[in-house]
2 protein chains.
Amino acid sequence: MSATLHDVARVAGVSIKTVSNVINDYPHVRPTTRDRVLLAVKELGYQPNLSARGLRSGKTGVIGLAIPSVREAYFAELADSIIKAAEKRGLGVVVDQTNEVREHELDVIAGRRLRLTDGIVFSPVHIGEMDAELLNVPFPLVILGESIFGGPTDHVTMHNVSSAQAAVEHLLGLGRRRIALIGAADSEPADAVGSATLRVRGYQQALEAAGIPVDPALIRSAGRWRHDNGAAATRALLASGTSFDALFALNDTLAIGALRALGEAGVRVPDDVAIIGFDNTDATRFSLPSLSSVDPGRDDIAEIAVEMLVERIAEKGERVPPRRIKPDFHIVGRESTGFPHVTELTEPETPSPAHVH
Amino acid sequence: MSATLHDVARVAGVSIKTVSNVINDYPHVRPTTRDRVLLAVKELGYQPNLSARGLRSGKTGVIGLAIPSVREAYFAELADSIIKAAEKRGLGVVVDQTNEVREHELDVIAGRRLRLTDGIVFSPVHIGEMDAELLNVPFPLVILGESIFGGPTDHVTMHNVSSAQAAVEHLLGLGRRRIALIGAADSEPADAVGSATLRVRGYQQALEAAGIPVDPALIRSAGRWRHDNGAAATRALLASGTSFDALFALNDTLAIGALRALGEAGVRVPDDVAIIGFDNTDATRFSLPSLSSVDPGRDDIAEIAVEMLVERIAEKGERVPPRRIKPDFHIVGRESTGFPHVTELTEPETPSPAHVH
DNA sequence: GTGAAAGCGCTAACAT
DNA sequence: ATGTTAGCGCTTTCAC
C-alpha cells in the first residue's frame, strides 16, 4: 500500500517525530534535516493518512454543507461560493441534500449525517423557533438563511423582510399598484421564520406603508421554488381573473417560470406586468426580458459563514456568544421592471487558461 | 467528549467486540444481548467515530466528485444525481471544483485532493489521451464525460459524436442549411477528446452526410460554457455578417445566452434561426421560446458511475478490466425548433411534505 | 533539535 | 455467541 511516516523516517534516517514535524511545518527543525525528510517524502510519494490524522487530532479537514438541493440555482451558486471559501482555508466540503424534508433536517442537527466533518453550514427550511433547543449541538454549526431567534447558534442571514420590502417599493416606484406575489409558504407554522414568511412580511409592509390594502387573492403559494411551480402559480393567478400589474416572485427561479407563463399568455413584461425576483442568480441576466432581482449578498454570506465555522472549529474553552450577521443587500433593476439591459460580464470570471498540455 | 465503544460495552456489560458486532449488524448476536447493547447505545448517545473506523477499515464512506463547477447547470444537476445515488448506498460526497484548470485536474488524479475518500468520480476537461498513463491511479476512479481511449479507468460517457450529429440532423430536418455552432474549443490539442471536440465532429459528420460543406465562419468558440459566453459568441456571429438559419449550441447554457443575444438583435426563434442545445437541463423548459436539446441520459450516467465506483471500492484481488458505458441519448424537440411546448412537469418530483412540527 | 513511547477508537484475527 | 488482543498511522507528551 502507500508509504507511512515510518517508511519516510527510515529512508531519511530520522525518527517519525521529526518527519511529523516537517510535514506539519513545525518551525524548529534543522534545515538539513528538513531537506532530507522532504527528499524521502518525494521519493516515496508519501501522503499523510487523513483518517489517522483525524483520529489523533480530532479534525478531519472537511466541513459539511447541508442545503435543500444543489440543483436549485441559488443553492448551486451558494455551494460554489462555500466550496471556494473552504478551499481557501484548505478545507473540503461534503454536500448533503435535505430536499426540504424535515426529518432529514433533524438528522443534520442531530449529527446523524455529515459525521466525518469538523462542522456544518446548514440552510434549513423546516427548522423553526420551536426547535431552538435542538440547535444546542455538540459540534460547530452555522445556520444560513433563517433566523432562529434566541437560538444558541451562529447565523448568517439575509435582510429578508427589508429587502423584500425594497423590492416591492421598486415596483411601487414604477407606479404599479396591483402587485401579486408568488412563492408564499403553503402552510404557516406558528413559529415560521422561513424566507417565504419573512419576504411576504416585507411585501405586506411595503404595501401598507404605501397605503395599499393587501389583497389575499394576489398572494399565491408555489410549493418548492422551482421553474415549474413558478409557472404553475402564475398560470393559476392569470386563470383566477384577478388583475395585477406587477409580480414579486420570492426567488428568481420562480420568476423565470412566471416569465414563461406570462409569455405563453401573451402578457407583456414589463408593459403589462413588471416582475422582480430574488437572489440575483446568473440566469437573471439572460432571460428575455432580463430579470430585476434582489441581490442578497450571497458571496458575503458564504465567506462569512465559512469564516465563522472555522473560528468555532478552532475555538477551545470559553465560547464566544452566538453571532448574527446580515450582509448588505441591494436591488438590481433590469428589463423586467423597465430598466435598460446591461451586457457587462457579471458572472464571476474564473481563471480559464489555454489548453496547456 | 462523546461516548466510545468501551463506554457502551461497560454500560451494557459486554465486551467491545459484541458492541462492534451489533453496530455493524453482524448476524450472530443473541437478541437479548443486542437489545441490551442498543439500549446502552441510545442511553449514551453513542455514535461511531468515523475517523477511527476509517483508519482501521481503510474505508471512509465518502466518495469524491470532481467537476468544473457546481454553478454550471449541467454539473449542478449531475451533482444532484450523484449525491442521490451515493446516498442510496450510504455514502457521502465531497465536491471538488476544478474550475477547468488543468493543474487542478492533475491534482485530482494524483490523489492530492479528495484524500479522505474511498474513490473519485471525475469529470475532466483538460485531461487528454496523452495523459492515459496518469490515470493508472492507486485508488478507485470513474471518469465521466470524456473517453480517454485505451486508458486504464472505468468511463461513463455520452454518445457525444452521434448525439451531436442527431441534433444537427434535427435542424437539417427542418430544412435549415446554414447551421452555425457555438462552443467549439478555443484551441485543439492534438489528443483532444473533450466534449467540445467530439460534438463538433458530430456536427461535421451530419453536414457531410447531407452533402453540405462545413463553413468555418459558422463555427465559433466560446470559452467556458456559460450564459455570458454564449451571448457573446452569438453577438460575434451576428456581427460577422455571416448568414445562418440555425444554431447548434454545444450546451444549454450557451443556448440560453444565444437566445438572449438573438432576442436583443430582433432575430426571431425559430422563424429566422432555429436553435438546439445540449444537456436537457431544467432551464430548457422555461425559456421563451423553450429550448430543444439533447438529453444525454444524465441520471443514468450518475447512477452507473456511482455503481461502478462502489464495485471498484469493494473489489479485492483480481481486477475487472476497465469498462466503458454510454447511456442512450435522445433529442427533445421544443419551441426553439418549431415543436409545440409541453407544460408537463418534467422536473423531478421530490417529496415535499407539509410543515409538520 | 530530535527521539521514544503512548494511545486516539475502531475492526479483524483468533480464541474460547 | 462472545471475549481478548493487536495494531491501523498519526500526533502528542515527555525525555534527552
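This is a predicted model: local features need pLDDT of at least 70, side-chain atom pairs count only at pLDDT 80 or more; totals for chains, interfaces and linings use all residues.
1. Who else is at the DNA? Helices H2 (16–23) and H4 (50–57) of chain A, along with H2 (16–23) and H4 (50–57) of chain B, each put in at least two residues. Sorted by class, the surface near DNA strand D has eleven nonpolar, nine polar and six charged residues.

2. On to the protein–protein contact. Chain A brings 62 residues to it, and chain B brings 62 residues. On the side of chain B that touches chain A, the elements giving two or more residues are H4, H5 (73–88), E2 (92–97), H9 (227–240) and H10 (252–264) of chain B. That side of chain B splits into 28 nonpolar, 20 polar and 14 charged residues.

3. How are the two copies related? Chain B superposes on chain A by a rotation of 180° with 0.0 Å of shift along the axis, at an RMSD of 0.1 Å. That is what a two-fold axis looks like. If you want a landmark, B:Val94 is the residue of chain B that comes closest to the rotation axis, with its C-alpha at 2.0 Å. Since 98% of the interface residues of chain B are also interface residues in chain A, the copies meet through the same surface.

4. Chain A on its own has eleven helices and twelve strands. Its C-alpha atoms fill a box of roughly 85 × 50 × 30 Å along the principal axes. Of the 357 residues in chain A, 51% are buried. Among contacts in chain A with a separation of 6 or more, 69% link residues 24 or more positions apart.

5. One helix to look at is H10(A), residues 252–264. From first C-alpha to last, the 13 residues of H10(A) reach 18 Å, close to the 18 Å expected at 1.5 Å a residue. H10(A) is mostly covered, with twelve of its 13 residues buried; among them are A:Asp252, A:Ile256, A:Arg260 and A:Gly263. The cover over these buried residues includes helices H5 (73–88) and H9 (227–240) and strands E6 (179–184), E8 (246–249), E9 (274–276) and E10 (293–295) of chain A. Just after H10(A), A:Gly266 has a positive phi of about 75°.

Methods:
Residues are numbered from 1 along each chain as its sequence is written. Chains are lettered from A and ligands numbered from 1 in the order in which they are written. Helices (H or I, at least four residues) and strands (E, at least two) are DSSP runs, numbered from the N terminus. Ala, Val, Leu, Ile, Met, Phe, Trp, Tyr, Cys and Pro count as nonpolar, Asp, Glu, Lys and Arg as charged, and the others, Gly among them, as polar. Two residues are in contact if their C-beta atoms, placed from the backbone, lie within 7 Å. Copies are superposed by least squares on the C-alpha atoms of residues with pLDDT of at least 70 in both. A residue is buried if 20 or more other C-beta atoms lie within 10 Å of its own, exposed if 12 or fewer, and partly exposed in between; C-beta atoms are placed from the backbone. The expected span of a helix is 1.5 Å times one less than its number of residues.
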